[in-house]
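Here are a few notes to read alongside the structure.

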Protein chains: 4
Amino acid sequence: MIKAGIVGGTGYTGVELLRILATHPDVEVSCITSRSEAGMAVADMYTNLRGYYDLSFTEPDVEVLAGCDLVFFATPHGVAMRMAPELLARGVRIVDLSADFRIRDLDVWARWYGMPHETAEWAAKAVYGLPEVAREAIRQAELVANPGCYPTAVQLGFLPLLENRLVRTGHLVADAKSGASGAGRQGKVGMLHGEVGESFKAYGASGHRHLPEIRQGLEQMAAGRVGVSFVPHLVPMIRGIEATLYAELNDPADFDRLQALYEERYRDEPFVDVMPFGSHPETRSVRGENSCRMALHRQEDSPVVIVTSVIDNLVKGAAGQAVQNMNIMFGLDERAGLRVPALLP
Amino acid sequence: MIKAGIVGGTGYTGVELLRILATHPDVEVSCITSRSEAGMAVADMYTNLRGYYDLSFTEPDVEVLAGCDLVFFATPHGVAMRMAPELLARGVRIVDLSADFRIRDLDVWARWYGMPHETAEWAAKAVYGLPEVAREAIRQAELVANPGCYPTAVQLGFLPLLENRLVRTGHLVADAKSGASGAGRQGKVGMLHGEVGESFKAYGASGHRHLPEIRQGLEQMAAGRVGVSFVPHLVPMIRGIEATLYAELNDPADFDRLQALYEERYRDEPFVDVMPFGSHPETRSVRGENSCRMALHRQEDSPVVIVTSVIDNLVKGAAGQAVQNMNIMFGLDERAGLRVPALLP
Amino acid sequence: MIKAGIVGGTGYTGVELLRILATHPDVEVSCITSRSEAGMAVADMYTNLRGYYDLSFTEPDVEVLAGCDLVFFATPHGVAMRMAPELLARGVRIVDLSADFRIRDLDVWARWYGMPHETAEWAAKAVYGLPEVAREAIRQAELVANPGCYPTAVQLGFLPLLENRLVRTGHLVADAKSGASGAGRQGKVGMLHGEVGESFKAYGASGHRHLPEIRQGLEQMAAGRVGVSFVPHLVPMIRGIEATLYAELNDPADFDRLQALYEERYRDEPFVDVMPFGSHPETRSVRGENSCRMALHRQEDSPVVIVTSVIDNLVKGAAGQAVQNMNIMFGLDERAGLRVPALLP
Amino acid sequence: MIKAGIVGGTGYTGVELLRILATHPDVEVSCITSRSEAGMAVADMYTNLRGYYDLSFTEPDVEVLAGCDLVFFATPHGVAMRMAPELLARGVRIVDLSADFRIRDLDVWARWYGMPHETAEWAAKAVYGLPEVAREAIRQAELVANPGCYPTAVQLGFLPLLENRLVRTGHLVADAKSGASGAGRQGKVGMLHGEVGESFKAYGASGHRHLPEIRQGLEQMAAGRVGVSFVPHLVPMIRGIEATLYAELNDPADFDRLQALYEERYRDEPFVDVMPFGSHPETRSVRGENSCRMALHRQEDSPVVIVTSVIDNLVKGAAGQAVQNMNIMFGLDERAGLRVPALLP
């Protein structure tokens with residue numbers, strides 16, 4: 001059994017890791033930390049875990065964490081950056097669900113996250129953990145930067161187009177929508193049910209932290225500059241991200257082969273599902289599941305290819321992808337603990 | 001008092017007309033028809049109207065309707081097209097909330113609505129009732145084609161850009177999201193709470209009936225061809241539309257004057273509210289109200305202008321705009337019956 | 001024009017007062033206070049009020065408030081108790097939406113609200129503002145204690161039964177359910193959309209602050225001791241309270257006259273609507289409206305009468321009833337500003 | 001591997017059976033029938049099952065069903081009653097999720113379900129499948145009548161009180177609330193999102209089909225007559241039932257031992273969880289899971305014991321309990337396929 005630790009376990013990604021790992025055949029959660037809730041039983045905070053865990057939250061303690069084979073960081077940005085190096089030095093492998101190691105350009109990181117980066121060395125060594133792009137590197141990685149939720153849905157949707165240089169990269173549009181759990185579990189007025197329920201709005205339309213992460217990923221795929229407009233929106237639901245992506249084909253004749261191209265690209269991917277052309281993936285079809293489900297569309301004779309892509313922001317967009325990465329890192333069946341159909345309805 | 005009739009009053013736009021007109025100082029609803037519910041009191045079907053109306057649904061009867069000053073059609077497409085001409089001939093003015101008279105090109109109409117158009121004469125005379133564009137024509141109109149919900153939010157958002165030839169019109173994007181009331185009140189499995197709740201999806205991504213209406217409107221504004229990708233989405237809420245619009249400026253230097261341009265364009269409009277640059281209008285801020293509220297955004301140094309625009313699909317997107325049109329047609333205060341703040345929270 | 005002030009205007013009852021008073025023909029809001037948001041425009045915090053108010057929040061200032069004809073307190077408990085006496089002494093009339101003056105027995109008050117009561121004099125003079133019970137006293141009142149939301153729905157539902165001594169008063173049950181806005185607008189984790197959405201639970205089942213208020217009211221109606229079990233529940237919606245009430249008839253033969261009794265009792269009440277026997281009032285039928293809508297039920301030959309009663313917790317359960325009380329106090333039409341149909345759907 | 005068939009698989013209990021059985025180690029679904037959708041792949045109707053099932057819906061065919069070890073009926077009432085006898089005669093065991101075999105008194109059944117019962121023989125032999133009450137009988141059963149959703153939550157909550165004769169049985173109250181999936185997946189106007197969302201109401205307050213089932217169960221537990229008021233309510237969410245139960249203790253001194261009594265009664269039950277006294281179980285804590293979670297409450301010195309009990313109506317209230325029953329019938333680990341934590345948030 002792999003011994004896993006979780007740092008910062010009181011948020012939604014923390015409980016989601018616990019939920020997924022509760023049925024993972026090869027992993028045991030040996031510790032979970034929280035400064036604010038140390039001493040509390042996890043099953044008292046998250047009553048869905050009653051009967052599954054005897055564990056209590058503890059103060060973060062490097063000695064204890066160093067006894068783990070792998071540590072997940074489910075912390076606000078800035079924490080993993082500071083705690084990871086010592087654990088890595090002691091041979092613990094890390095999957096960081098925060099943003100600390102996602103951005104290569106540390107000046108960009110510092111600008112968007114409002115603090116200087118403190119460990120350029122590990123930022124350089126970290127592997128950006130999108131398995132569909134970097135599976136081999138993940139296998140060897142000591143430190144995996146688990147992708148953001150929006151970036152996962154957007155990158156997987158654009159990937160075959162960009163890898164194959166099929167679209168004009170100057171004016172991509174990624175219009176993305178997320179349930180409220182993406183904002184975490186802090187007591188913010190703006191995230192009250194009374195504020196979020198029965199309403200819809202864009203936010204971060206002038207710039208969101210996932211924009212540089214998305215651009216970095218798309219530019220790597222395109223091997224060149226990419227201009228992308230990315231607007232996130234808040235949906236009055238708990239889980240789920242839908243991204244509607246727009247790109248103009250260099251050659252509209254390519255429309256004929258797009259569906260086959262997408263199916264081929266993702267044929268062996270256990271967690272990407274390309275639906276028939278013109279389908280409309282729903283977020284509920286992946287609720288609680290690790291998949292990214294997508295479909296392609298064309299409007300009349302327009303040269304614009306439209307991709308709709310859905311994930312559960314807490315699963316393929318966070319904890320599920322983290323477990324997928326762990327499975328790869330430890331040579332397990334990549335699907336271990338992740339083969340459960342979505343909860344629908 | 002203006003005597004108003006409503007044809008097809010059992011749907012959501014019907015009850016919304018009744019709700020708005022209940023407090024309108026100059027209008028009395030003298031009849032409301034429904035084939036399926038003839039004989040039922042409107043207050044039995046819509047209990048929010050208990051105490052406001054004694055009216056019952058009746059079979060549609062041209063003689064009765066001919067006694068009205070104005071008739072609202074809140075019917076599926078195809079009905080107004082057949083019933084309107086006789087009423088118009090007898091001097092009744094009409095606001096048609098259906099799609100029958102929105103599209104100039106009747107071949108286009110026939111293709112999207114799946115039937116031939118039966119009255120080219122009135123289709124040619126009908127005024128497309130977007131007051132911000134056609135107020136004077138509405139004033140004289142015998143027959144007003146009340147705009148669709150998505151087209152209202154999208155057209156008002158793009159209007160100042162197109163009128164002023166500021167953007168490349170070949171690749172506009174209108175990513176729009178609507179609450180479930182937009183689908184009407186038929187018992188369709190796909191619109192059950194168990195299907196719509198806690199999920200988000202695109203629909204009609206390969207072509208939606210509002211696409212030709214949007215294109216027609218934008219092309220009129222731009223006085224030329226427009227390429228627009230329009231994808232509607234279903235939001236797990238009841239009321240509200242948000243449209244996020246993307247257009248590339250011909251000259252990025254124009255960004256500096258966009259805000260002033262929008263404010264100027266809509267300064268005298270009673271039902272368009274331009275928020276400060278970078279604001280995020282929420283659908284709840286217009287819930288139950290006739291306004292379109294919008295804001296402009298730019299991402300770093302991108303040439304793309306982003307407009308976010310919200311309406312209540314049943315009000316400014318349907319019944320409210322219909323009443324606004326009626327007010328204009330009858331020389332009333334344009335805001336009569338429509339001056340009530342949105343219900344928030 | 002009556003000059004009204006609002007103390008503590010940033011919460012949901014504050015904005016709801018503003019929304020209702022925006023269209024009140026006889027009242028002008030001359031000041032609204034907030035310690036935390038002083039200087040902010042109310043229309044910046046509540047965008048539904050853009051175009052309706054130029055007002056900004058100010059620090060509470062007794063001199064300014066003393067210039068009002070009436071002051072609404074929309075504050076946490078403990079505030080009105082301290083600020084009201086000076087204003088009352090200066091001739092300002094007060095409607096207190098908080099719990100400070102609702103409970104006659106100040107020991108009971110102190111126990112449930114966790115602080116000693118500081119003004120026994122005004123607690124004794126305050127009129128409990130349930131117009132259906134105390135209209136004449138309200139007319140004369142200097143200080144009205146606006147009833148709690150649950151107590152309004154529960155008391156109006158039981159009233160005819162208790163006034164007429166028809167039921168066994170030892171074991172009443174009031175099972176009540178509320179939308180999330182009842183918890184106010186503080187940033188509490190438990191009220192996040194991610195916590196409240198798609199879930200249902202009881203809370204305060206071992207004792208809620210509205211229990212003594214309910215018991216006091218029911219005992220006054222019954223002119224004797226009442227045993228009542230009251231359990232509130234949290235519904236994943238924003239507005240609305242439903243109370244399902246159970247009482248055993250002393251004489252089951254009385255079932256035959258209950259409907260007539262209820263209709264008679266509330267015949268002249270502008271804001272209580274007794275539906276036909278066996279109807280099921282929905283909270284949405286009063287959304288945004290000041291009514292209490294109710295119906296009676298019997299199961300086979302059971303001696304238990306069941307009453308279902310709905311209100312909008314922010315309107316008849318708070319701000320609407322406060323305006324109704326104000327209207328009574330100032331001799332206005334009791335319905336002024338309150339005659340708008342509920343927003344349905 | 002046990003070969004299971006499902007009759008009537010297009011509803012919510014059908015897809016839920018498929019979801020649960022997808023990961024059951026000992027069961028294979030060999031056929032699923034639907035008259036209306038014969039020929040359609042289940043994964044096309046329920047996209048969450050893409051990648052889990054190759055199965056398509058077929059016309060019901062007794063020959064095929066007779067080849068199953070067990071058949072689940074997930075049909076409207078009246079179907080199992082007619083189809084089950086032949087299958088039973090051929091040695092197929094049956095778990096009927098419909099109401100056909102739940103009521104012993106066939107006159108009562110006929111009255112509530114509006115048709116005569118056609119197989120008194122099997123109605124007499126059927127075992128009411130509440131494992132916590134009838135595990136041994138279920139083990140031997142050929143035909144199990146899977147309990148209704150409300151009856152499960154209500155009976156488990158009252159069980160220890162009634163078995164131990166602790167409460168007055170003449171005036172029990174069961175105030176129950178359910179998400180919309182309990183109404184099934186038919187296209188009824190009243191269950192549209194636009195009708196159900198953001199509203200709350202009682203329904204069936206004058207008598208609901210689950211009332212006789214509840215009474216029958218409670219009377220068996222109490223070994224005597226029971227008077228129970230049962231009011232169901234519709235909650236604007238998809239899954240979950242909460243029942244708040246009220247009963248008056250014969251001897252209030254018994255309050256001291258109730259918690260221990262409940263814990264003892266359910267100590268060995270894998271799917272009943274008694275929380276600490278005064279806890280508030282949430283429906284989300286069992287979303288997608290087979291548990292019934294409950295807690296006890298007392299208000300001050302009242303003699304009334306209050307029990308709050310939650311289940312997922314589609315799991316412990318339907319498909320999960322059906323699988324639990326199947327596990328018992330076939331001597332499997334009772335928890336097989338059912339050990340997955342609830343989806344929270």
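How many salt bridges does the rule find across the interface of chain A and chain B?

1. The rule finds eight between chain A and chain B, a salt bridge being a side-chain nitrogen of Lys or Arg within 4 Å of a carboxyl oxygen of Asp or Glu. One to look up is A:Glu195 with B:Arg284, where the closest N and O atoms are 2.6 Å apart.

2. A word on the ground rules: this is a predicted model, where local features need pLDDT of at least 70, side-chain atom pairs count only at pLDDT 80 or more, and totals for chains, interfaces and linings use all residues. Residues are numbered from 1 along each chain as its sequence is written, chains are lettered from A in the order in which they are written, and side-chain values use heavy atoms, with hydrogens and water left out.

3. Chain A and chain B each put 51 residues into the contact (heavy atoms within 4.5 Å). Together they bury about 4100 Å², with 48% from carbon and sulfur atoms; that is the accessible area (1.4 Å probe) lost on putting two parts together, summed over both.

4. On the side of chain C that touches chain D, 51 residues of chain C meet 51 of chain D. About 4100 Å² is buried between chain C and chain D, 48% of it on carbon and sulfur atoms.

5. Chain C and chain D also have eight salt bridges between them. Look for C:Glu300 with D:Arg111, whose closest N and O atoms are 3.5 Å apart.
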